[in-house]
Amino acid sequence: MSLASSSCASSKDDSQAETSDPNFVDGQYVNNHIQHPNKSIFAYLKLRWFGDDEWADHEAAKELIPQTSVDTHQLLSPQNQVTWMGHSTFLIQWQGKTILTDPVFSERASPVSFAGPKRYTKVAIPLAELPNVDIVIISHNHYDHLDEASIKAIGNTATYLVPSGLKAWFVNAGIEASRVIELQWWQQVVVHGFKVTATPSQHWSARRL
């Protein structure tokens with residue numbers, strides 16, 4: 001099982017990462033495989049409106065994805081299974097343990113509830129109806145992967161595996177520090193009998209412009 005730790009994880013609050021991780025330089029991760037592009041808001045607008053790339057119409061394509069209603073009885077039964085909850089949220093039930101990836105159960109992926117990108121499909125099942133979650137894996141801190149309302153709803157019943165630099169965010173959200181494990185690139189940890197490896201990804205992290 002891999003945690004795809006972003007190449008530019010926000011780690012300015014993590015002094016330990018700077019001293020122990022050779023990929024962490026001057027307050028950010030350095031991706032050694034590609035040249036860092038300009039990720040300013042102006043560069044994004046130029047790419048979005050004047051670039052040559054064709055942008056996908058996700059709203060029109062949502063009907064192409066077959067969907068079925070969640071069988072709550074099967075979900076609560078003790079068996080090995082994986083259930084897609086939407087976007088990057090998967091409920092993995094294996095050997096009596098429950099793992100949730102990038103839990104986003106809010107209506108919008110945004111810092112506010114009244115604006116921002118809205119989900120294309122309804123939540124597969126309310127968070128309150130899920131079986132007890134043992135492990136939560138966070139890939140990176142974008143709003144469509146790290147949802148504050150969902151994290152607060154899960155609370156201190158789970159162990160959180162996150163990229164280095166995100167522990168402070170979870171503590172500020174009310175999660176006990178002892179329940180949050182930060183992982184640097186290629187670092188491994190065994191939790192509830194599962195070995196989890198943090199692997200790099202060609203991506204970036206930010207919670208603000």
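Residues 24 or more positions apart account for 56% of the contacts in the protein chain with a separation of 6 or more, where contact means heavy atoms within 4.5 Å. This is a predicted model, in which local features need pLDDT of at least 70 and side-chain atom pairs count only at pLDDT 80 or more, while totals for chains, interfaces and linings use all residues. Residues are numbered from 1 along each chain as its sequence is written, and side-chain values use heavy atoms, with hydrogens and water left out.

**Chain overview**

- The protein chain has six helices and 11 strands, which are DSSP runs numbered from the N terminus (helices are H or I with at least four residues, strands are E with at least two).
- Of the 209 residues of the protein chain, 41% count as buried, a term for under 20% relative accessible area, with exposed meaning over 50% and partly exposed in between (1.4 Å probe, protein chains only).
- The accessible surface of the protein chain comes to about 12,600 Å², and 54% of this belongs to carbon and sulfur atoms; such areas come from the Shrake-Rupley method with a 1.4 Å probe, and for residues only the protein chains shown count as cover.

**Strand 6 and its partners**

- Four of the five residues of strand 6 (residues 97–101) are buried, so this strand is largely enclosed by the rest of the structure.
- Strand 5 (residues 89–94) runs antiparallel to strand 6 and is joined to it by four bridges, with L91 standing opposite L100 in strand 6; two strands pair if DSSP finds at least two bridges between them.
- Strands 5 and 6 form a hairpin with two residues between them, and Q95 in the turn has a positive phi of about 50°.
- With strand 7 (residues 135–137), strand 6 pairs in the parallel sense over three bridges, and T101 has I137 in strand 7 as its bridge partner.

**Q81 in strand 4**

- Q81 lies in strand 4 (residues 81–86) and is buried, with a relative accessible area of 10%.
- Leaving aside neighbours within four places in sequence, Q81 is in contact with Q74, L75, L91, I92 and Q93, and the Q81 side chain reaches the backbone oxygen of Q74 at 2.9 Å.

**I41 in helix 2**

- I41 is found in helix 2 (residues 41–50) and counts as partly exposed because its relative accessibility is 35%.

Key: A polar contact is a pair of N or O atoms within 3.5 Å; within protein, one must be able to donate a hydrogen and the other to accept it, and residues adjacent in sequence count only if both atoms are side-chain atoms.
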